[in-house]
Structure formats: structure tokens, C-alpha cells
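Biologist: I am new to this structure and would like to learn how to read it feature by feature. Could you show it to me and then take my questions in turn?

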Amino acid sequence: MNIAVFLGGTSAEREVSLASGKAVVGALREAGHTVTAVDPALGARQPEHEADLYREILHDAPPTQEALSKLSPRNLIECVNSPLLDGIDVVFLALHGEWGEDGKIQSLLEMRGVKYTASGVMSSALTMDKSMTKILMRHNGIATGKWEMVRRGDRVDAVLIERVAAEIGFPLVVKPNDQGSTVGLTIVQNPLQIPNAIALAARFSTSVMLEEFIPGRELTVAIVGDRVLPVIEIKPKDGFYDYQHKYTKGMTEYICPADLPADLTERIQRDSKIVFDRTQCKGFARVDFRLRDDNEYFCLEINTLPGMTATSLVPKAAAAAGIPFPELCDTIVKLV
Ligand SMILES: Nc1ncnc2c1ncn2[C@@H]1O[C@H](COP(=O)(O)OP(=O)(O)O)[C@@H](O)[C@H]1O
Ligand SMILES: [Mg+2]
């Protein structure tokens, strides 16, 4: 097939996406497809040499908002509407975060009449919103931590802090409602830290989530088509699973299949599939959990366009299930 891989984009996860995209391009070529790499953040004019697209790949911190502000989302419209997509059978979306994972580029592609991988417009938009996703989890009997929402610009006064302290307690997690890669997230130990944590998260999103901190282990489950892949346990070597631990080699240990009792594995996998189905995800996605020492687990979120470097979580789980990376990418294309 003639495939365009969309990579880069205009979100805080731009560099991660370049790495995902580069890996996917290689894998799809290995699987026998004709592949063009396209960074929609650059509009209709792409660099002459593909290698130039990959220059910004992965530093140990996300790009600054100043650097990102130079990339206009209007370029995405121009790109999708350009001859770059003439004769393309499928766009493989290797984008992450805002404009790429949130249903917006999916919507442009639908208007242009080009097929694309993974979830559709509604599902992408819904799951980008962590709070909406948690409402759906609750509705479907999936355990998820207590939470409260604050809008950017809301007064963070004693009343709010007392309410949060009473309803959630400490420690708690403050995070942007619609970002990825642990950007803008703070673990708050006491009421005094709440205002700054909210201010930080509000730099990345108009809505901020305050969520019960779930101590214990970190798990994630990939789903590809109808298959729920083996559970992965994520063990950051120190601290927690932040941007650096996610993308710096050696800072995190991954265990797949996770060492868990069989019935617990089964329940977590079943619940992952429920979250996938009820949020109407398609193709593939990855569901994040926290597991307490008493083996109670809580779902954090579902990612519709998770990382896709050869060593990312979904490819790891696929490898554990005997699916090599090129086959995984090819399967995702065939699920369109
Ligand atoms: N309620 C929570 N309790 C404990 N850890 C959390 C909680 N929320 C987030 N974290 C930590 O922060 C990481 C990122 O949070 P997550 O909600 O998955 O957002 P994203 O991956 O989109 O940045 C998680 O993988 C986990 O390590
Ligand atoms: Mg996550």
C-alpha cells in the first residue's frame, strides 16, 4: 500500500512523535509498503531529505512552549489539503497529543476523504479528555481514583483547597486534563502546594485534574484489534514515571508479562478491553493503570496514539506476544 506516516506535529510530544514516526516508517517499509514520512506541522512543504525530518528527535525534556508556538496548527490544514496526500491509501498516524491524538487531524482527514489508522474523531476527542474518560469508566464499573476538576482562571482559594482535601486527601496528583507524557504533572503532599501545582498544569490545559494518588505499581495494557496483549509493569529506577523516565534509555525497567497472579492479569486485561470498547477505540490503544499493594487496581487513562518507537510499550507487549514490530505496524494498517 501507499502509506503516509504523519509524525512530529505541534504538540508538546512533538519529539516523541518524531521518534515514533521514524520507527514506524522503517517498519512499514520492512513490511513491504511504499512509505512517505510527513510532518504536518510543516504544512504542504516538506524537506527534500527525509532525514531532515528527524533532526529534533528526543531530548531529555519536552520542547518549550515558545518553540512550539512557532508551529501553527493551520499548517495541519494546509498539509492535509495538499497534493502530499494524492494517491495515498492510508495515513498512519504516529502523532501524539494535541491536534494529533485528539480527533482534530482525524477530522481533517475525514473531510479530505483519506483513511487513517487507529481511533476515530469522537473516540480520540473523548479519550484525550481524562475526566470524560473517567466518567465513562465509572459508568461501566471500572475502578478509577477520585477526582475533582478546576478550570484555568478559577480562584484557588481556601474553600477549594478544603473541599479537595476533604474529598480526595493527600497525597494527590495535579495534572492537565488533556496532555500526555506526564507534562505539567505534580504529586502534591500538602494543601500549601496546591496553588502552584494548579498554576503549572493550567499552563498546559484550560482544565486541570486533581486526582487521588494511587500508591503502588504502574501497569499498562496494549490492545491491538481484538487482541489484548500481555500486561507490562513499568518500574522507574527512581522517582516516578515522568517525561525523562519515559524517554531516557535505562531510567526505567519494563517487565512483560508483568509478574501478577493469573486471575488479576485476566481481570486487568478484561477491564482494559471494556475501556477500549466503551470509549469506542479502534485499531489499537494502550490503557494505563496503577496497582496498589492490596492488588486493587485503578485505571488512569487510555491512549489512542501511544508511543511507537521499537522500544515503546505497545511494541514491547506485541513482542512478548510474538508479534514483531513490522507485523504490528502492518496489522494496525490492516485494521483501518
Ligand atoms: N492518580 C495517580 N496516582 C499515582 N500516579 C499517577 C496518578 N496519575 C498519574 N500518575 C503518574 O503520572 C503518570 C502520567 O499520568 P497519566 O494520567 O497517565 O497521564 P499522561 O500519561 O497522559 O501524562 C502515570 O503514568 C503515573 O506514573
Ligand atoms: Mg499515561
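Biologist: How many salt bridges are counted between domain 1 and domain 2?

Modeller: Bearing in mind that this is a predicted model, the count between domain 1 and domain 2 is 0 salt bridges.

Biologist: Let us turn to sheets; what is the order of the strands in the open sheet of 4 strands?

Modeller: As a general idea, the strands of a sheet pair through backbone hydrogen bonds, and they do this either in parallel or in antiparallel fashion. Here the order is 5-8-6-7, and the pairing is antiparallel. Strand 5 (147-151) and strand 7 stand at the edges with a single partner strand each, so one side of each has no neighbour in the sheet. From one strand to the next, the twist averages 25°. Helix 7 (residues 158-167) packs on this sheet, where it touches strand 5, strand 6 and strand 8, and its direction makes about 160° with that of strand 5.

Biologist: Which strands pair with strand 6, and over how many bridges?

Modeller: Strand 6 is joined to strand 8 (residues 207-212) by 5 bridges, the two running antiparallel, and it pairs with strand 7 (residues 186-188) in the antiparallel sense over 3 bridges.

Biologist: Are the faces of strand 6 covered or uncovered?

Modeller: In a regular strand the side chains alternate between the two faces of the sheet. In strand 6, Leu 172, Val 174 and Pro 176 lie on one side and Val 173 and Lys 175 on the other, and all of these are buried. The strand, residues 172-176, is accordingly described as mostly covered, with 5 of its 5 residues buried.

Biologist: What should I look for in strand 9, and how many of its residues are buried?

Modeller: Of its 8 residues, 7 are buried, so strand 9 is largely enclosed by the rest of the structure. Strand 9 pairs with strand 13 in the antiparallel sense over 8 bridges, and within this pairing Glu 218 stands opposite Arg 290. Strand 11 is joined to strand 9 by 3 bridges, again antiparallel, with Thr 220 opposite Ile 232. Strand 10 (residues 227-228) pairs with strand 9 over 2 bridges, and the hairpin of these two strands has 2 residues between them, where Gly 225 takes a positive phi near 60°.

Biologist: What does helix 11 pack against?

Modeller: Its buried residues pack against strand 9 (217-224), strand 11 (232-236), strand 12 (252-255), strand 13 (284-291) and helix 12. The residues buried in helix 11 include Leu 313, Val 314 and Pro 315. Just after the helix, Gly 322 takes a positive phi of about 85°; this glycine is exposed, at a relative accessible area of 57%.

Biologist: Which residues have a positive phi although they are not glycine, and which peptide bonds are cis?

Modeller: Most residues other than glycine have a negative phi, and most peptide bonds are trans. Trp 99 has a positive phi of about 70° and lies in the loop between strand 3 (90-93) and helix 4 (104-112), where it counts as partly exposed at 28% relative accessibility. Gln 280 has a positive phi of about 60°; this residue is in the loop between helix 10 and strand 13 and is exposed, at 54%. As for the peptide bonds, the one from Phe 170 to Pro 171 is cis, with omega near -5°, and Pro 171 lies in the loop between helix 7 and strand 6. A cis peptide bond also joins Cys 256 and Pro 257, with omega about 0°, and Pro 257 is in the loop between strand 12 and helix 10 (262-278).

Definitions and conventions: Residues are numbered from 1 along each chain as its sequence is written. Chains are lettered from A and ligands numbered from 1 in the order in which they are written. This is a predicted model: local features need pLDDT of at least 70, side-chain atom pairs count only at pLDDT 80 or more; totals for chains, interfaces and linings use all residues. Side-chain values use heavy atoms; hydrogens and water are left out. Buried means under 20% relative accessible area, exposed over 50%, partly exposed in between (1.4 Å probe, protein chains only). Two strands pair if DSSP finds at least two bridges between them. Axes are lines fitted to C-alpha atoms, for helices over the stretch in contact, and angles run from 0 to 180 degrees between N-to-C directions. Contact means heavy atoms within 4.5 Å. A salt bridge is a side-chain nitrogen of Lys or Arg within 4 Å of a carboxyl oxygen of Asp or Glu.
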